[in-house]
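Thanks, everyone, for making time this morning. I would like to walk through one structure, going from a surface feature to strand pairing and then to a covalent link.

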Amino acid sequence: MNPFVTLICLLLTLMPWVGHAQTDSMSGDNYLTVGLVGYTEPSIYKDGEDDQDIELVVEAQWEGIFYRNDTLGVYLAEGDSWYVSAGVGDDVFGDHTRGDSKTLKDMKSLDKVYTANLTTGWITSVGYFELGYHHDISNNHNSGAVVARYGAPMEQGQWVLDPQVSLTCVGRAVSRYYVGVSAQDTKAGRPTYQPDQTCKFQSDLNLYYTLGRAHHLLLGVSYRHYGDEVSDSPIVDRDDLWSFNTGYLYTF
């Protein structure tokens, strides 16, 4: 087994016991949130299809263990305004389906990538900051990504405005996995392409309206910009994406 996988499995097994010994920590609030969220998101790939769907959203936290943003994790250490966590979840860069593009169906198919991550965060008077590293544990691109994030939620009565910005930087193995073109996939109009390391900038703006303590209505918009190593790929036809989502959430 990959030693990184072994380490994460050990941490996920042992750290809940550590969490019980902590007091005055950020993981003290236990909750379960479920809901339905509809979204639409275009693809960066040539002739890629827009991703439009309504999905079940589940987020939960219990005694230092959490599940959110498709990541199952645990707090390793924490205080009133900081934390260190580890988890496993989906990759944070790229689309292994290449947007289900019919033009690219002849290329070698990609497997879905799962990652293990180590993240630290700080909550300050001007917002929260996160810095994390995500590494492939599914033996696909065998590389990782560094993610830096800043958010500054604001509350006004029943309204919550949650703006966020993030920067995701990956190595050449990741960019080549998702937007590279190998010699066996070349053809007329699709030359070999081996990109270098690159980054993705993302900005999110989510607006919540709370009805009582449990009911929440959501409206959100997201913008992403990919670096030149992505946009220069012969299988990519855009470097900017706008996506939208709306939904209903219930918190127990």
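L32 lies in strand β1, where strands are DSSP runs of E, at least two residues long, numbered from the N terminus. Please keep in mind that this is a predicted model, in which local features need pLDDT of at least 70 and side-chain atom pairs count only at pLDDT 80 or more, whereas totals for chains, interfaces and linings use all residues. Residues are numbered from 1 along each chain as its sequence is written, and side-chain values use heavy atoms, with hydrogens and water left out.

L32 has a relative accessible area of 35%, so it is partly exposed, a class that sits between buried, under 20%, and exposed, over 50%, with a 1.4 Å probe and protein chains only.

Turning to the pairing, which requires that DSSP finds at least two bridges between two strands, β7 (residues 127-136) and β8 (residues 144-151) are antiparallel over eight bridges, and H135 has G144 in β8 as its bridge partner. On to the next pair: β8 also runs antiparallel to β10 (residues 159-170), joined by seven bridges, with G151 standing opposite Q164 in β10.

The structure holds one disulfide, defined as a pair of cysteine sulfur atoms within 2.5 Å, and here the sulfur atoms of C169 and C199 are 2.1 Å apart. This pair links distant parts of the chain, C169 in β10 and C199 in β11 (residues 198-211), 30 residues apart. Why is the disulfide right-handed? The torsion about the S-S bond of C169 and C199 is about 105 degrees, and therefore the disulfide is right-handed.

How values were computed
Helix = DSSP H or I, 4+ residues; strand = E, 2+ residues; numbered from the N terminus.
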